[in-house]
Amino acid sequence: MSSLTLAPPRSAVLRAAGLRHRPALRTLLGVLAGLLLVLAVTGYYVHAGLDRSGAAGCDMALRSCNERWKVFLHGYGPALTVGGNLVYFLGGALGAFVGAPLLAREFEHGTVRFAWTQGAGRTRWTAGGLVLVGGVLAVATALTAAVLNWWIAPLATHAGRFTPLAFSSAPPALVGRVLLVFTLSALAGAVLRRTVVAVGIGVGASVVTNLVAESLRFHYRTPLEDTVHTLAQGSLDHRWEGGLWATDPAGSRLDLNRLYDLGGDYYGAEKLLGEGGYSLHESYQPDGRYWSFQFVEFGWTALLAVVLGAAAVWWVRRRAV
Amino acid sequence: MTGDTVIDCGGIGKRYRRSWALRDCNLAVPAGHVVALVGPNGAGKTTLLGLAAGLTLPSEGAMTVLGDQLPGSPRALDRIGFVAQNAALYPGLPVRDLLAMGRHLNRRWDDARARTHLEGLGIPLDRRYGRLSGGQQAQVSLALALAKRPELLLLDEPLAALDPLARHDFMAVLLTAVAEDGLSVVFSSHAVNELQQSCDYLVVLGGGRVQVAGEVDDLLGGHRMLTGPTAEADRIAEQLPVVRDRRADAQSHLLVRTGGVDAPVSAGWRQQRVGLEELVLAYLREPTASALPGPRGAVRPSEKALLS
């Protein structure tokens, strides 16, 4: 038969997965397009508000600048905080909604019996679906996160880019988290064969992942240390402060409260620091390390995502219908 | 056809948690037949087909398909078409996309055949699978399986949900493909009354075991329904393996295996050949009776198939 085709290219399984998941991917892109529209409109107002308040370019160590910042926060703070927290806790949930049905629905609808008996075999079919949908999800999330990062940026003018709400909205961190939740939900769907339960697990994992990431984040790289001899705040360089302690002239460490006790009050403590041989130490991550931190976070979440994806494929390989 | 058997299993068993869906199942189905797999619900038909398709691994024993292939191996997947129960496919996809998926997923693929098949039945390619009628869905599933140009086609209850017209259409397409390609078909079915026109080999499963396996002609030729006086029934039952034994006060009906010849009975007995439906029902009603392939005509008079 002349029309009998032999040996489709290796990429063909991705094209088949594209056809299979096209309705789901269309829905995903539609939802994200709507979200981007909302972000663009509201983000425009927030940024305009920040410009009007004049808090954008000034030095936060100055009192006048702080006042302007408070005015801005009064008007736009609640909206920014609600939006930021939504992303902070539920940003990864996008992966749950896409990942959970990927394999679970095949079991629920019985379509595995078709998919797994094709010439490509169940391993390539499952891996192809994960790679294709995960790839589209990653690109779409990166785009959304870029806009999201711009949207949340006013919140970071004061405290810096390492602020948890801002940090977890940036593209590398958010993409890594979404992928991690995506493959975890897909694995849960393959094991439990229930879409709804797998979505629940994914949403839970989204919250947990972010809390775990935040607790680990300061230690991604060895913090730097700064020594000063004043309690007065210097100009902010948006560093991420991890800890503050004092040392006495002998070099032994003491608590800040102990320093105040020794000095009697603020001015006494300031005098001890300036003239008494006491010093103040701070461990911090400089603002310049922001992108390396983003990519460390992306690295471990994405690596975990790959491991979970491989586990899903392994499970499908050994699993009977 | 490279192998002389399409399904060959020795002592195969499949356990789901605590219960055995299939146990100690020995079966060798020769190539080139349309095989009907019949049995009551829960007899293990779907399990056996799932094992042959490579969807499930056996808990014990070993199975080969198409000669010496392991079920689920790439070579076996290439050469076996499978149509699942209820023909479940992706409801949101148009038929055209399903065909494209099949093309992308298979090394052997005859797109023109599938299109001709579906267009011949007036099934619109741009309609979503979920919006087709049951009969059309079954045809799409069959078209996808046949486009692989399989050497073995496995069908799990393909007719169960279809109306009589759709059944007829389905079997017509299937038997045409058999005639054109010489492929082997194994299908499970409840429709015992329609088997005689469609299959030429019969496998009866009961309680997870193979009860009957053989060519339909041999099976029909090898059984006789004996009707005669009850007083002599015991003597007959000692001489011939009885499949089913129904006795009334005066007259008894014994379905016996004779090995292809008329039973040596006295003049008081009438013997008739039986139809396939009657034969199948008799075995299904007597789960302990069996008729498995052996040397033809070698049924010893003393052999008792009815164990209970």
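This is a predicted model: local features need pLDDT of at least 70, side-chain atom pairs count only at pLDDT 80 or more; totals for chains, interfaces and linings use all residues.

Q: Okay! In what order do the strands of the open sheet in chain B come?
A: The order is β5-β7-β8-β3-β9-β10, six strands in chain B, and their pairing is mixed. At the edges sit β5 (80–83) and β10 (209–215) of chain B, each of which pairs on one side only. From one strand to the next, the twist averages 15°.

Q: Let's zoom in on β9. Do β3 and β9 of chain B run parallel or antiparallel?
A: They run parallel: β3 (residues 34–38) and β9 (residues 201–206) of chain B are joined by four bridges. For example, Ala36(B) has Leu202(B) in β9(B) as its bridge partner.

Q: Why is β9(B) said to be largely enclosed by the rest of the structure?
A: Because six of its six residues are buried. Buried here means that 20 or more other C-beta atoms lie within 10 Å of a residue's own.

Q: Which residues of β9(B) point which way?
A: Tyr201(B), Val203(B) and Leu205(B) point one way from β9(B), while Leu202(B), Val204(B) and Gly206(B) point the other way. In a regular strand, side chains alternate between the two faces of the sheet.

Q: Nice. Which helix lies across β5 and β7 of chain B?
A: That's α5 (residues 134–146) of chain B, and it runs at about 170° to β5(B). Helix α10 (residues 276–285) of chain B also packs on the sheet, where it touches β3, β9 and β10 of chain B. The direction of α10(B) makes about 20° with that of β9(B).

Q: New topic: how many residues does the largest nonpolar core have?
A: It has 104 residues, and those with the most contacts inside it are Val35(B), Leu154(B), Val186(B) and Val203(B). Its largest share, seven residues, comes from α5(B).

Q: What is Val35(B) in contact with?
A: Leaving aside neighbours within four places in sequence, Val35(B) is in contact with Val29(B), Val185(B), Val186(B), Cys199(B), Tyr201(B) and Val203(B). There is also a second, separate core of 58 residues, which includes Trp69(A), Tyr88(A), Phe167(A) and Leu179(A).

Q: How many residues of chain A are in contact with chain B?
A: 27 residues of chain A, and they are in contact with 32 residues of chain B. On the chain A side, β1 (4–5), α1 (12–53) and α4 (112–115) each supply at least two residues.

Q: Last one. Where is Arg258(A)?
A: Arg258(A) is in helix α9 (residues 256–263) of chain A. It is partly exposed, with 14 other C-beta atoms within 10 Å. Arg258(A) and Ala246(A) are twelve residues apart in sequence, and their C-alpha atoms are 8.8 Å apart in space.

Technical notes:
Residues are numbered from 1 along each chain as its sequence is written. Chains are lettered from A and ligands numbered from 1 in the order in which they are written. A residue is buried if 20 or more other C-beta atoms lie within 10 Å of its own, exposed if 12 or fewer, and partly exposed in between; C-beta atoms are placed from the backbone. Two strands pair if DSSP finds at least two bridges between them. Axes are lines fitted to C-alpha atoms, for helices over the stretch in contact, and angles run from 0 to 180 degrees between N-to-C directions. Two residues are in contact if their C-beta atoms, placed from the backbone, lie within 7 Å. A nonpolar core is a set of buried Ala, Val, Leu, Ile, Met, Phe, Trp, Tyr and Cys residues joined through C-beta atoms within 7 Å.
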